[in-house]
Amino acid sequence: MSDSKFDKEDSLEIDIDTLIRENAQAVADYELNESPVSSNQDLQDRQALRRVSGLSTELQDVSDSEYRQLRLEKVVLVGVWTQGSALDAENSLKELAALAETAGSQVMEALIQRRDKPDSATFIGSGKVKEVRDAVVATGADTVVCDGELSPAQLRTLEQKVKVKVIDRTALILDIFAQHAKSREGKAQVELAQMSYMLPRLRGWGESLSRQAGGIGGRGPGETKIETDRRRINDKMSKLRREIKEMKISRDTKRNERRRKNIPSVAIAGYTNAGKSSLLNRLTGADVLVENALFATLDPTVRKTQSADGRIYTFVDTVGFVRHLPHQLVEAFKSTLEEVSESDLIVHVVDGSHPDPQEQLRAVRQVINEIGGGEIMEIIAINKADVSAPEVLMNLLRNESNAYAISARTGYGVDTLVKAIEAALPKPKVEINAVIPFSRGDLVSAVHEQGEIISEEYLPEGTKIHAMVGGALAQKIQML
């Protein structure tokens, strides 16, 4: 009886897995021919979501044990300069200001302290803490944003001293992701990253630190309230990981379908707001959301295009990277970032008008190496050449091999970039020289889309083709 029960459960689990794969396969069959969805409504919806003075956006845990209001109406920025030049420190704080503004806040003041390392108790020194408190009082700020990831103890101590909410760079980026996530997968990934961040920062209010939680929902009379909250978060995180794993099956199936058809994949990667989506729109005529904001794109967009010699390949627009990208996000977005690590070619877009484009290149390459894409061929697209300083462009072109100056906005240099991309696409490896009957026009079409034509001639009995194709297609032709 017991064995029969387990057999039924195993059968049910297998059936569910089969249904998921069948559904993913059905989606993959149509994916390459899907029509682009207009981004106008997306942009209008996002621009309509702005913080209003006196109200707040709340980042709330699953229980009242940790309840943090991420108000972000008027903020004071605080940075610690530990290494590099003063310009590096200023650029880092400028980026933090851009992140805060993207989150919908108003930056009132920014302070930097030169230290060998952040203070273990308050992130900044005791004297600077008083300056921050004075700035908060003078400006009426409701939040202090620190340019770094603070420990739970640092957050708590600094909040007690400045008397307003304190958040760090990681929490700010997570808030932006939560605002911009649109797809079911994106929302699940952001929620998982938020919970991973909040779990070690759980803290109780008043008696909840030691209050015992018995009865229904508690694990016994000896479990405290905060332990119950921690267990509930862990349960929720496990559920989210299962959901993301199921959605990953669909993404893998689509990718495998493209591989089966020998369709090369080109990933457009780069720093956030470098112009990746604008470049994708210029290259493929897609209508992907474009906004002058950090992390405007969270959901990868795959678009089909055709080379000058008729080969089909795809472009994948990916989530932007940033310095000190929270490891919680890298972990949660692993299935999405695989679009980069599994691609045949990476077009690395860098903002030529940025104060420090070389640092952008370094930060992006660091993340690409972390996700296993360090060995993939890279083409550098130096975007915004129309508004970049000539000396900056020349310096990048000299220092980076395989680099091209372009403007996705005006179209300058894009044709040259496309030629470089198509020349770098992986070449089919199997040579065929066959006569394909006119009744098998589907195979001739597949050779044109997936292969490289050397010569083509029409004979009474069919189409004589000499070409380089993938192994699977070559096998189909040889079986004629």
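Biologist: At 13% relative accessibility, does Ser92 count as buried or exposed?

Modeller: A residue is buried under 20% relative accessible area, exposed over 50% and partly exposed in between, for a 1.4 Å probe and protein chains only. Ser92 has 13% relative accessibility, and therefore it counts as buried.

Biologist: What kind of model is this, and at which pLDDT do side-chain atom pairs count?

Modeller: Residues are numbered from 1 along each chain as its sequence is written, and side-chain values use heavy atoms, with hydrogens and water left out. The model is predicted: totals for chains, interfaces and linings use all residues, local features need pLDDT of at least 70, and side-chain atom pairs count only at pLDDT 80 or more.

Biologist: Which residues does Ser92 touch, not counting those up to four places away in sequence?

Modeller: Ser92 lies in helix H3, where helices (H or I, at least four residues) and strands (E, at least two) are DSSP runs numbered from the N terminus. The C-alpha atoms of Ser92 and Trp81, eleven residues apart in sequence, are 9.4 Å apart. Contact means heavy atoms within 4.5 Å. With residues up to four places away left out, Ser92 touches Asp147, Arg169 and Arg323.

Biologist: At what angle do H3 and H6 pack?

Modeller: H3 covers residues 86-102 and H6 covers residues 169-180, with their axes 9 Å apart. The axes are lines fitted to C-alpha atoms over the stretch in contact, and angles run from 0 to 180 degrees between N-to-C directions. For H3 and H6, the angle is about 35°.

Biologist: What is the orientation of H6 relative to H7?

Modeller: H6 packs with helix H7 (residues 184-198) at an angle of about 160°, and their axes are 10 Å apart. Angles under 35 degrees count as roughly parallel, over 145 as roughly antiparallel, 65 to 115 as roughly perpendicular and the rest as oblique. H6 and H7 are therefore roughly antiparallel.

Biologist: How many nonpolar, polar and charged residues are in the contact of H6 with H7?

Modeller: From H6, the residues Thr170, Ala171, Leu174, Phe177 and Ala178 meet Val190, Ala193, Gln194 and Tyr197 of H7. Their classes are seven nonpolar, two polar and no charged.

Biologist: Is the crossing of H4 and H5 left-handed or right-handed?

Modeller: The axes of H4 (residues 126-139) and H5 (residues 152-162) come within 9 Å and cross at roughly 55°, which means that H4 and H5 are oblique to each other. A crossing is left-handed if the near helix is turned anticlockwise from the far one by less than a right angle, and right-handed if clockwise. The crossing of H4 and H5 is right-handed.

Biologist: Which residues of H5 take part in the contact with H4?

Modeller: On the H4 side, the contact is made by Val129, Val132, Arg133 and Val136. The residues of this contact divide into five nonpolar, no polar and two charged. The H5 side consists of Leu158, Lys161 and Val162.

Biologist: What is the phi of Asn273?

Modeller: Asn273 is found in the loop between strand E7 (265-270) and H9, and at 23% relative accessibility it counts as partly exposed. Most residues other than glycine have a negative phi. Asn273 is not a glycine, yet its phi is positive, at about 70°.

Biologist: Where is Lys384 found?

Modeller: Lys384 has a positive phi near 65° although it is a residue other than glycine. Its place is the loop between strand E11 (378-383) and helix H13 (390-399).

Biologist: What is the relative accessibility of Ser277?

Modeller: An unreviewed UniProt entry lists Ser277 and Thr297 for "binding site", and such annotations may be inferred rather than shown by experiment. Ser277 is placed in helix H9 (residues 276-284). Ser277 counts as buried because its relative accessibility is 8%.

Conventions
Nonpolar A, V, L, I, M, F, W, Y, C, P; charged D, E, K, R; others polar.
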